[in-house]
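Reader: I am new to reading protein models. Please take me through charged pairs and nonpolar cores.

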Amino acid sequence: MERPRLGDAAIAEARAKAEAAVAEKRKKERSIEFNGQSRDPEETDWAAIDAELMQTLSREFLDTPVGHAAALAAVPARSGVRPNSGQGRWPGYGGNGARQFAPSAKTDMIGRLDELAVRCWLQTRLPKQDIDAGRRSSNGTAFTGKAGNDGLDYDFEISWQRQTWQIEVKAGLNDPQMFEMGETEVGAARVAARLRSGVRFWIAYVSNFANPAQARVEMVANSADVLLASRPD
């Protein structure tokens with residue numbers, strides 16, 4: 001007996017369901033939990049996110065002094081941790097210290113979010129400076145209208161205490177108490193560390209960023225020969 005054949009409508013419906021399931025899976029993979037909601041980088045209104053951050057970042061975050069360096073415990077290169085040779089902004093770590101790779105759309109979104117938080121902070125602390133004019137990464141293009149240069153290995157360039165400060169942003173959705181510097185970022189730090197260069201290289205480390213109200217920003221001074229840094233317990 002010949003088996004009944006599915007009609008064209010049934011085949012199309014099954015195909016549509018399969019495609020929808022794949023699309024939903026990909027959306028979940030690239031999305032992050034931020035401020036109590038799942039955010040899809042392909043559907044994000046960045047102007048609205050910027051306004052949301054200004055409303056939800058704590059006064060403690062926004063009032064953090066620009067020139068105050070955090071007290072961090074350095075982990076030297078001999079610890080066996082190797083520098084990241086890739087270009088990913090947020091490598092991430094699991095509980096056993098192993099690197100966890102995320103879809104590039106997700107890491108790109110985290111990079112844009114943490115830069116927006118630092119932008120809000122700098123605008124609050126340095127109201128007389130045009131912070132957007134000092135944005136150097138391509139993440140700022142939507143706000144500045146100018147193409148960025150991600151090859152500089154820092155995200156902001158500001159004037160502070162008669163010096164040029166180059167600020168690279170690192171962030172954690174929670175607080176891993178560590179970040180990784182890529183080889184080119186270490187190189188940029190070494191250039192800035194040269195005597196009488198008039199330039200200082202800083203890391204702005206934003207922790208607990210999944211909940212902006214609990215986030216904190218800490219400035220890490222130039223440590224050209226240190227690959228990782230962590231706060232002491």
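**Salt bridges and cores**

Author: The structure holds 12 salt bridges. This is a predicted model, in which local features need pLDDT of at least 70 and side-chain atom pairs count only at pLDDT 80 or more, while totals for chains, interfaces and linings use all residues. Residues are numbered from 1 along each chain as its sequence is written, and side-chain values use heavy atoms, with hydrogens and water left out.

Reader: What is a salt bridge?

Author: Side chains of opposite charge can pair when their charged atoms come close. The cut-off: a side-chain nitrogen of Lys or Arg lies within 4 Å of a carboxyl oxygen of Asp or Glu. Take Arg30 and Asp40, whose side chains meet this way at 2.7 Å, N to O. This pair links distant parts of the chain, 10 residues apart. Arg30 sits in helix H1 (residues 8–30), and Asp40 in the loop between strand S2 (37–39) and helix H2 (46–56). Helices (H or I, at least four residues) and strands (E, at least two) are DSSP runs, numbered from the N terminus.

Reader: Is Arg30 buried or exposed?

Author: Look at relative accessible area: buried is under 20%, exposed is over 50%, and partly exposed is in between (1.4 Å probe, protein chains only). Arg30 has 14% relative accessibility, so Arg30 counts as buried. Asp40 has 5%, so Asp40 is buried too.

Reader: Which residue forms a salt bridge with Lys170?

Author: Glu168 does, with the closest N and O atoms 4.0 Å apart. Lys170 is buried at 3%. Glu168 is buried at 2%. Salt bridges can also share partners: Arg30, Asp40 and Glu42 are joined into one network that way.

Reader: Now the cores. Which residues touch the most other members of the largest nonpolar core?

Author: Start with the idea. A nonpolar core is a set of buried Ala, Val, Leu, Ile, Met, Phe, Trp, Tyr and Cys residues joined through side-chain atoms within 4.5 Å. The largest one here has 33 residues, and Phe61, Trp121 and Leu122 touch the most other members. Elements giving two or more residues include helix H3 (59–62), helix H4 (104–125) and strand S7 (199–207). H4 gives the most, with 9 residues.

Reader: What does Trp121 touch?

Author: Contact means heavy atoms within 4.5 Å. Leave out residues up to four places away in sequence; among the contacts of Trp121 are then Phe61, Pro65, Ala204 and Met219. There is also a second, separate core of 7 residues, including Tyr154 and Phe201.
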